[in-house]
Amino acid sequence: MTTEPKVITIVSAASPCAGAPSVQSQAVPMRESCGDLKNYWYAAAQAKDVNAKKPLSVVIMETRIVLWRNAQGQAVALRDRCLHRNTFLSPGDITDQGIKCPYHGWTFDEQGVCVNVPSEGENGKAYPNRKVENFPTQEAYGLIWVWMGGGEPDPARQPFPMPHYDESGWNTYYMKTHFDNGVTSLVENFMDVPHTVFVHKGWFRDRKKLKVDSTVERTPNSVLVTYHAQDAIGFTEKVLNPKGLPMQHTDKFYMPNNTRVDYIYGEDERGFVITSTCTPINDHETTVFTLISYKFGWANALFRTFLPWYTRQVIQQDVEIMANQGRSFKEQGPDFKSTPADTLHVFIESLREHAQANGLDADGKPVPAPRPMTREVVFWI
């Protein structure tokens, strides 16, 4: 699990006169203390929520970012903090020049350069050497993604391909959910079968004392689980699979924060896929964008109304149990005891912890990456 950030003391350059800040304590931002985990694209918002009229403020890795679209319709992302007196830029206006601070009107273009200080001239004055941090963006799969690593994005690391988005025969929709827990806990929860018969009893699965054989594989950047038992997912099974076709169930985790859960009936004749990309707000809060993809032929129209309601009920149950666990972490810290049924959890934690430590031990010495491994795991639900 992620450790609490170190606290440093910052001495302000402001005058020590009454009311002015002089000394403050500030935690090292998550993106500066999470090692290689920052060097990825993170979903900031649904594309439909970012426009050229009203700025949108989001928090990723304890960094507040303001989003809007420029005249060409491209998404822009800047640090949501004016250089002048540090007010949030997001309540300001979008102009032809860029975003205008609501306090004194300082304006910053899409690269973060200060292009106008109204108080410094009849028509203002530009200060090209004063720049708000800007972040690379991409628009893909109906989401706006932000590169948190600083500098130029790694071309080998692209936004996670959300499956079946805009694919013929498939219907899709997004759910955006706030969780009071960290990314590692959430990706484990989204892939965890044993919890479903307790947390989602009557909604998703009921306990049947069913023996489940599975294969769990750890690769350099993923954990892949295949279930070999004939599975069923609650009362919806009769609706999802009226022909009684054999179902293939797989759970997949992809570094650093993505899960994909597939239920495929027959030879890809029908299917239901739940894909989640997790964006850390801080160690204890996460925004999750979940894409629900489904293909049920003529019945797609019926599911368009039913599924959003149903999936929201199920995910709310996860919200509650994750908040329970999150409160426990805050009060007592994590202290896990695992059994073979938790193999996928242990594999996920090993990959994320190695990346967070930048591949170094406590003494700063390199340690080998978790090696690829396959385990046959049996558990009961």
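Predicted model: local features only at pLDDT ≥ 70, side-chain atom pairs only at ≥ 80, totals over all residues.

Two strands count as paired if DSSP finds at least two bridges between them.

Strand β18 spans residues 247-254 and pairs with strand β17, residues 222-227, in the antiparallel sense over six bridges. Within this pairing, Val223 stands opposite Phe253 of β18. Strand β18 also runs antiparallel to strand β19, residues 258-265, and eight bridges join these two. Three residues lie between β18 and β19, and the two strands form a hairpin.

The cysteines come next. A search of the whole structure finds zero disulfides. Cys34 has a relative accessible area of 4% and is buried. Cys278 is also buried, with a relative accessibility of 0%.

Aromatic rings give another view of the structure. A pair of aromatic rings is described by the distance of the centres and the angle of the planes. The search of the whole structure finds 14 aromatic pairs. One of them joins Tyr165 and Tyr174, whose ring centres are 6.2 Å apart; their planes meet at 40 degrees, so the pair is tilted. Tyr165 is partly exposed, with a relative accessible area of 29%, whereas Tyr174 counts as buried at 15%.

Another pair is made by Phe179 and Phe190. Their ring centres are 5.7 Å apart and their planes stand at 65 degrees, so this pair is edge-to-face. Phe179 lies in strand β15 (residues 171-179) and Phe190 in helix α2 (residues 183-191), so the pair ties together parts that are eleven residues apart in sequence. Both phenylalanines, Phe179 and Phe190, are buried.

Aromatic residues also come together in a cluster. Tyr173, Tyr294, Phe296, Phe303, Phe306, Trp309 and Tyr310 form one aromatic cluster.

Finally, charged side chains are placed over aromatic rings. The charged end of Arg64 sits over the ring of Phe88, at 5.2 Å from the ring centre. Arg157 lies over the face of Tyr40, where the distance to the ring centre is 4.1 Å.

How values were computed. Residues numbered from 1 in each chain as written. Heavy atoms only, no water. Helix = DSSP H or I, 4+ residues; strand = E, 2+ residues; numbered from the N terminus. Disulfide = S-S within 2.5 Å. Buried < 20%, exposed > 50% of the residue type's maximum accessible area, 1.4 Å probe, protein only. Phe/Tyr/Trp six-rings, centres within 6.5 Å; stacked < 30°, edge-to-face > 60°. Lys NZ or Arg CZ within 6 Å of the ring centre and 35° of its normal.
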